[in-house]
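Please have the sequence and the coordinates open while I talk.

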Amino acid sequence: MGWLLRRFFKLWVRAAVQPAEAPPSLTSAGTPVCYVFDRDSVADLAVLCNVTARMNLPPPEKRSGNRPVELRRSYFDVGRRRRFWDASITRRPPPYLLELVEELRKDAVRDVLLVPTAVYWGRAPQKEGSWFRLLFAENWALTTRARKFISVLVNGRNVFVEIGEPISLRSMFDAAPSMDQARRVTRVLRGLLRRQRATRIGPDLSHRRTIVAQVLRARAVRAVVAAEAKDKHTSFRPGLLQARKYAFEIAANYSHAFVQFAEKLLGRVWNRVYDGVKFNHAATLKAVSDSGSEVVYVPCHRSHMDYLLLSYIIYHQGYAIPHIAAGINLNIPVVGRLLRKGGAFFIRRSFAGNALYTVVFMKYLAAIMARGHSLEYFIEGGRSRTGRLLHPKTGMLSMTVRSFLRDPVRPVAFVPVYFGYERIVEANTYISELSGAPKQKESWWDLLTSFRVLRERFGTVHVNVGEPIQLNDLLDAALPSWREQRFDDDTRLPAVNALVSDLAQSIMRGINSAAAVTPINLLATALLASPRGALPESALLRQLDLYLKLLKANPYSPRVTITDATPEEIVLYGESLKIISRATHKLGDIVKMSDESAQLIAYYRNNVLHLFALPSLVACAFIGNAMLRTEDIQRLAWRVYPYVASELFLRWREDELSRVIEGVLAALAEQGVLQPNESRTAWMRPAPDSPQAMQLSLLAQATIQTIERYYLAISLLMKAGSGTMTQKTLEQQCQLAAQRMNMLYGFNSPEFFDRSLFENFIDLLRERNVLKAGEGGKLEFDEVLARVAADAQLVLSEQIRHSILQVTQV
């Protein structure tokens with residue numbers, strides 16, 4: 001019977017195997033091998049027999065009965081079925097495992113390698129081709145053999161086999177082999193196979209009502225309900241019903257069948273809208289998954305497409321999609337229900353003043369973390385309208401860290417993710433909002449009108465995975481005794497607050513360290529450096545070539561990806577996407593921003609502005625100086641870097657800056673845009689009429705507005721005098737003056753007058769004790785601020801300084 005089934009499966013079943021290359025310990029093992037399944041299945045065994053034959057691995061089928069026990073048979077399962085229509089399982093150690101344990105007890109030298117193995121029917125997403133298969137796809141339910149038979153028929157071409165790393169049976173004993181040890185091994189194997197299944201199809205979340213009931217049983221929830229009932233002089237029941245309402249408002253209703261359905265639908269949408277979706281550093285997902293960590297994806301937030309793209313990619317890589325924290329504004333009729341089935345849980349923008357909602361949400365988050373499901377949330381809080389990373393909101397991050405500290409079941413790994421779009425779907429909405437229009441609430445009308453994007457072309461999407469951040473490592477450094485401490489809902493430690501803040505900054509730097517440099521980013525950076533957003537084609541090609549060479553000669557990070565296109569190909573690609581246009585002229589073509597893209601071109605530049613920040617800052621120093629000493633360049637960089645690093649989330653520490661600036665100077669000299677003296681103690685800009693001088697000037701424009709904004713704030717403060725202006729007043733004055741400059745000089749950068757950037761700059765001045773809050777909150781300063789202003793004057797040209805001073809005199 002088994003032989004016949006294997007022959008049939010050899011013709012019918014198509015199985016993808018993970019890993020593609022078998023572990024060396026399996027292929028060259030002198031020790032007997034035994035495969036371990038999580039449930040009894042003749043079909044799964046037949047598939048494994050064919051896979052092992054194909055990969056030249058030890059076979060799992062039965063063998064001669066007169067050989068040692070470990071060679072008579074090389075498989076068993078940790079859950080056995082009883083009858084044809086009954087899906088119940090036993091919890092006793094498998095008889096064959098007991099035999100192995102007995103043999104190892106008799107012989108202290110003998111050992112067996114146990115190989116956790118799983119066969120998923122309907123789990124290879126890249127091969128799915130039928131909606132009917134979704135009805136019989138792999139899940140956590142213990143199916144009957146009749147249902148398994150149907151699943152084999154409909155999903156036989158769509159099978160995924162996972163062969164785990166071999167484990168020495170003897171190494172699993174913490175005492176002499178015995179019945180108790182067999183029970184312990186069984187529990188360990190069941191847990192390992194459960195985690196393996198959770199990684200591939202998501203953990204068993206049962207029904208939404210199950211988790212809601214668990215949340216409502218939590219002591220912390222019931223304590224808050226009781227406290228509110230006492231304060232309001234009401235009974236306990238109304239408060240509990242309100243907590244239940246909150247829980248259902250929050251909770252996801254994950255459906256694996258719906259996810260498979262959505263994967264097929266989204267695949268068609270991406271093919272229609274985008275030229276491609278490039279996913280880089282995929283090996284990171286496997287490394288984090290293999291480490292047994294609870295994964296928290298923390299991507300930047302550029303578009304509503306982010307939710308869908310990341311889930312689609314993770315699922316397509318063969319991993320369970322995460323539960324996603326979505327804004328309550330997306331919980332609109334029908335759409336909200338579908339998003340819940342795809343793993344979304346909804347969160348209000350603010351928890352302020354609502355203790356019951358806060359505790360319900362925290363307990364829900366703790367429940368899904370305890371069940372082993374990966375999470376995804378956007379710590380910027382909302383979509384960036386300018387293309388820059390927004391300063392992080394630490395609420396979700398704090399809840400995650402505190403949930404882990406209360407119940408540290410599995411280590412937590414935060415995985416930064418960078419999205420790089422060549423064209424943004426919400427472009428018109430962002431332009432409207434940047435022009436002053438209020439943010440529109442999501443509605444059915446938005447959904448219906450969004451279908452028009454299917455008629456447009458949006459280029460390629462780049463999704464890059466950053467370096468994972470292990471929470472345990474941060475806790476060990478910040479709170480060495482955390483493993484011995486007891487944390488509960490009321491525990492509040494300053495060290496934890498500081499750790500959350502540092503973690504948020506690390507995540508933002510990790511996102512930027514995985515940036516994708518696309519042709520559109522480079523075109524935007526070059527054209528925005530020119531006064532009218534236009535350049536002769538020859539000059540544009542030289543500038544693009546400079547950017548590419550600088551990025552490769554002095555890499556920002558190993559995870560940054562750079563387009564393979566040549567400067568000529570970049571220009572042609574920009575024209576094909578209607579980002580740029582060409583004006584023919586007898587002396588040479590002029591390339592300029594197209595009318596369609598002019599208002600949002602700064603968005604695409606800002607996506608990668610941080611990559612050019614230090615080369616641009618060095619170039620700024622030569623706008624008004626023909627020659628500078630190395631020590632002066634280093635001092636200027638040291639003075640400005642903390643503020644630019646805070647604004648753009650640059651990756652280097654201040655004690656690394658000197659080395660990094662040396663690398664930047666060397667890269668600029670290699671491209672001929674700076675010239676050192678023989679001892680490299682001084683640097684000169686090229687001759688003013690040379691192409692290299694123009695390249696250096698264009699490079700400086702990437703960050704010159706940042707320096708102008710700082711100088712504007714300092715000038716306003718020094719003009720008012722020490723102790724005369726509050727921070728709020730200064731921020732208002734800065735924003736108004738910046739808006740006036742934007743109107744007078746036509747800057748194409750909406751973020752130039754973004755009040756939050758002024759606020760962050762002033763906060764950092766206070767943090768570094770350049771400013772102090774005196775009586776009545778008035779800002780006080782001394783000669784240190786004057787030195788900062790003097791260095792800014794050294795960087796800015798006289799014309800720019802006069803323009804700023806003219807605005808501040810009004």
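Predicted model: local features only at pLDDT ≥ 70, side-chain atom pairs only at ≥ 80, totals over all residues.

In general, side chains of opposite charge can pair when their charged atoms come close. The pair I would look at next is Glu-647 with Arg-709, whose closest N and O atoms are 2.3 Å apart. Since Glu-647 belongs to helix α26 (residues 630–648) and Arg-709 to helix α28 (residues 691–720), this pair ties together parts that are 62 residues apart in sequence. Are these two partners buried or exposed? Glu-647 has a relative accessibility of 7% and therefore counts as buried, and Arg-709, with a relative accessible area of 2%, is buried as well; the cut-off for that word is under 20%.

Let me set beside it the salt bridge between Lys-286 and Asp-290, where the closest N and O atoms are 2.6 Å apart. Here the two residues sit four residues apart in helix α12, so about one helical turn separates them. Lys-286 is partly exposed, its relative accessible area being 33%, while Asp-290, at 52% relative accessibility, counts as exposed. A further salt bridge joins Arg-653 to Glu-656, with 3.6 Å between the closest N and O atoms.

Asp-290 also takes us to the pockets. The second largest pocket holds about 910 Å³ of space, and of the 39 residues that line this pocket, the closest to its centre are Arg-195, Gln-196, Thr-199, Ser-289 and Asp-290. Which elements give two or more residues to that lining? They are β5 (159–163), α7 (179–201), α12 (283–290) and β8 (294–299), and α7 gives the most, with eight residues. If we sort the lining of the second largest pocket by class, we find 17 nonpolar, eleven polar and eleven charged residues.

A search of the whole structure finds eleven cavities of 30 Å³ or more, and the largest cavity has about 140 Å³ of space. The lining of the largest cavity is made up of 15 residues, and the closest of them to the centre are Asn-554, Leu-611, Pro-615, Trp-652 and Val-664. Two or more residues of this lining come from each of α22 (537–553), α25 (613–620) and α27 (657–670).

On the surface, I would point you to a nonpolar patch formed by Phe-8, Phe-149, Ile-150 and Leu-153, which together have about 370 Å² of accessible area. Helix α6 (residues 145–155) supplies the largest share of that patch, namely three residues. Ile-150 has its place in helix α6, and, with a relative accessibility of 33%, Ile-150 counts as partly exposed.

Tyr-604 and Tyr-421 are 183 residues apart in sequence, yet their C-alpha atoms are 8.0 Å apart in space. At 4% relative accessibility, Tyr-604 counts as buried.

Finally, some backbone details for anyone who plans to look at the torsions. The peptide bond from Gln-18 to Pro-19 is cis, with omega near 0°, and Pro-19 has its place in the loop between β1 (15–18) and α2 (24–27). Asn-56, although it is not a glycine, has a positive phi of about 55°; Asn-56 is found in the loop between α3 (42–54) and α4 (69–72), and with 66% relative accessibility it counts as exposed. Asn-769, another residue other than glycine, also has a positive phi, near 65°. Asn-769 lies in the loop between α30 (755–767) and β23 (771–773), and its relative accessible area of 52% makes Asn-769 exposed.

How values were computed. Residues numbered from 1 in each chain as written. Heavy atoms only, no water. 1 Å grid on protein atoms, 1.4 Å probe; cavity = no way out; pocket = protein on both sides within 12 Å on 5 of 7 lines; lining within 4 Å. Points joined across faces, edges and corners; volume = space filled by probe spheres on them. Nonpolar A, V, L, I, M, F, W, Y, C, P; charged D, E, K, R; others polar. Patch = residues over 30% accessible without salt bridge, like charges linked within 9 Å, V, L, I, M, F, W, Y side chains within 5 Å. Areas by Shrake-Rupley, 256 points an atom, 1.4 Å probe, with all protein chains shown as cover. Salt bridge = Lys/Arg side-chain N within 4 Å of Asp/Glu carboxyl O. Buried < 20%, exposed > 50% of the residue type's maximum accessible area, 1.4 Å probe, protein only.
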